[in-house]
Amino acid sequence: MSALEPTQPPPAIEPADGVRTLLVKIFGKDRPGITAGLFDTLAAYAVDVIDIEQVVTRGRIVLCALITAPAQVGTSEGALRATVHSWAESLRLEAEILSGTGDNRPRGSGRSHVTVLGNPLTAQSTAAIAASITGTGGNIDRIFRLAKLPVTAVEFAVSGVATEPLRTALATTATDIGVDVAVVSAGLQRRARRLVVMDVDSTLIQDEVIELFAAHAGCEAEVAAVTERAMRGELDFEQSLHERVALLAGLDVSVVEKVRADVRLTPGARTLIRTLKRLGYQVGVVSGGFTQVTDALRERLSLDFAAANTLEIENGVLTGRVVGQVVDRAGKARLLRTFAEQAGVPLAQTVAIGDGANDLDMLNAAGLGVAFNAKPLVRAAAHAAVNVPFLDTVLYLLGISREEVESADESDDDGV
Ligand SMILES: [Mg+2]
């Protein structure tokens with residue numbers, strides 16, 4: 001450190017501390033020029049702007065400006081009030097001016113984003129969520145809509161309570177009222193996410209790949225029963241995988257192509273991936289299914305990473321065995337770490353999305369683990385849960401609005 005540098009940082013300066021301030025609120029029909037008109041009116045009094053907030057809802061503007069009071073108390077402030085009111089009246093707007101001191105109160109410590117997905121979002125649900133936030137001692141600082149399609153998504157900025165107790169309280173409320181409520185801590189970390197890793201079966205795609213194979217082998221019911229038990233965590237995944245794959249022994253390799261064609265992407269999957277890629281994210285999949293399908297998905301969706309089990313094929317038929325190390329619950333978490341390392345992204349900046357018990361380790365290891373239409377066991381353990389059948393709603397948990405997604409789509413046609 002050079003001798004010229006101070007050893008202690010200078011005290012934070014609060015320019016508006018203790019200073020007389022005026023809160024000016026304008027409300028009415030929105031039209032071009034209102035903001036310019038208000039500040040042009042205020043400029044005559046040489047006041048400083050401390051804060052501005054403006055929203056337009058169904059054509060009505062609410063414009064709030066926090067300004068320093070004019071230096072000369074009395075005539076000057078009275079003149080300012082009269083001028084603002086007369087300007088507002090000339091535009092048939094309502095104006096309210098409140099005297100006071102200082103800036104906004106600083107936000108409480110412990111800040112979170114609460115994303116609510118409703119289809120529809122009812123007043124009753126909104127009341128329950130707001131009451132739940134208040135019940136934890138949290139304060140709602142801002143609310144705004146992220147999306148109206150395919151579901152109504154609203155974000156609450158909350159302060160004054162730590163993220164964990166807020167998440168616990170809202171998880172109970174969300175279950176009671178049947179809407180999705182995701183709580184993530186605020187701060188730079190949320191903006192710094194750089195890698196998204198998804199499960200495949202019943203997450204990226206609507207199907208369970210082994211069941212598609214089983215349908216061609218005529219053992220669908222037997223395989224589905226084992227899958228269901230494995231996903232509930234009642235069976236060791238590796239054991240159940242070997243059991244199910246054994247049922248496919250003797251199946252002609254031409255079935256692989258048929259299964260690839262059978263795969264149905266989850267609604268919103270393409271929008272999610274396209275938007276993430278535009279934002280510079282790397283995107284990968286890990287699957288307890290098979291590379292014979294995930295490699296095709298990687299190609300089709302321009303994914304950066306893909307890993308799964310490989311069905312052994314000999315003399316043009318499936319042998320009923322898998323090759324190499326099995327991708328199981330621990331394997332998925334291990335692959336998330338590997339992908340993060342290869343992408344040069346710390347684990348805290350990763351997002352994992354999955355639906356099954358074998359996704360739990362991966363969801364816990366990621367900076368943000370999202371349970372997607374998951375079993376209750378998985379939902380309870382994840383950081384956030386989405387229960388609407390649209391994969392692109394995960395974007396809302398990252399604070400990305402529908403409007404941003406759509407305007408990117410309009411201005412750029414060469415997405416994936
Ligand atoms: Mg799955």
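The model is predicted. An unreviewed UniProt entry lists Asp 199 and Asp 201 under "active site". Asp 199 is buried, and Asp 201 is buried. Cys 219 is partly exposed.

**Asp 199**
- Asp 199 sits in strand β9, which spans residues 195–199.
- Asp 199 counts as buried because 25 C-beta neighbours lie inside 10 Å, and the cut-off for buried is 20 or more.
- Leaving out residues up to four places away in sequence, Asp 199 touches Val 286, Ser 287, Ile 353, Gly 354, Asp 355, Gly 356 and Asp 359.

**Asp 201**
- Asp 201 is placed in the loop between β9 and α6, the latter covering 209–217.
- Asp 201 has 26 C-beta neighbours inside 10 Å, so it counts as buried.
- Beyond residues up to four places away in sequence, its contacts are Asp 207, Glu 208, Val 209, Ser 287 and Gly 289.
- Ser 287 is among the contacts of Asp 199 and among those of Asp 201.

**Cys 219**
- Cys 219 lies in the loop between α6 and α7, with α7 covering 220–231.
- Cys 219 has 17 other C-beta atoms within 10 Å, so it is partly exposed.
- Setting aside neighbours within four places in sequence, Cys 219 is in contact with Ala 214 and Leu 247.
- Cys 219 and Leu 248 are 29 residues apart in sequence, and their C-alpha atoms are 8.1 Å apart in space.

Methods:
Residues are numbered from 1 along each chain as its sequence is written. This is a predicted model: local features need pLDDT of at least 70, side-chain atom pairs count only at pLDDT 80 or more; totals for chains, interfaces and linings use all residues. UniProt positions are given in the numbering used here, feature names are shortened, and annotations may be inferred rather than shown by experiment. Helices (H or I, at least four residues) and strands (E, at least two) are DSSP runs, numbered from the N terminus. A residue is buried if 20 or more other C-beta atoms lie within 10 Å of its own, exposed if 12 or fewer, and partly exposed in between; C-beta atoms are placed from the backbone. Two residues are in contact if their C-beta atoms, placed from the backbone, lie within 7 Å.
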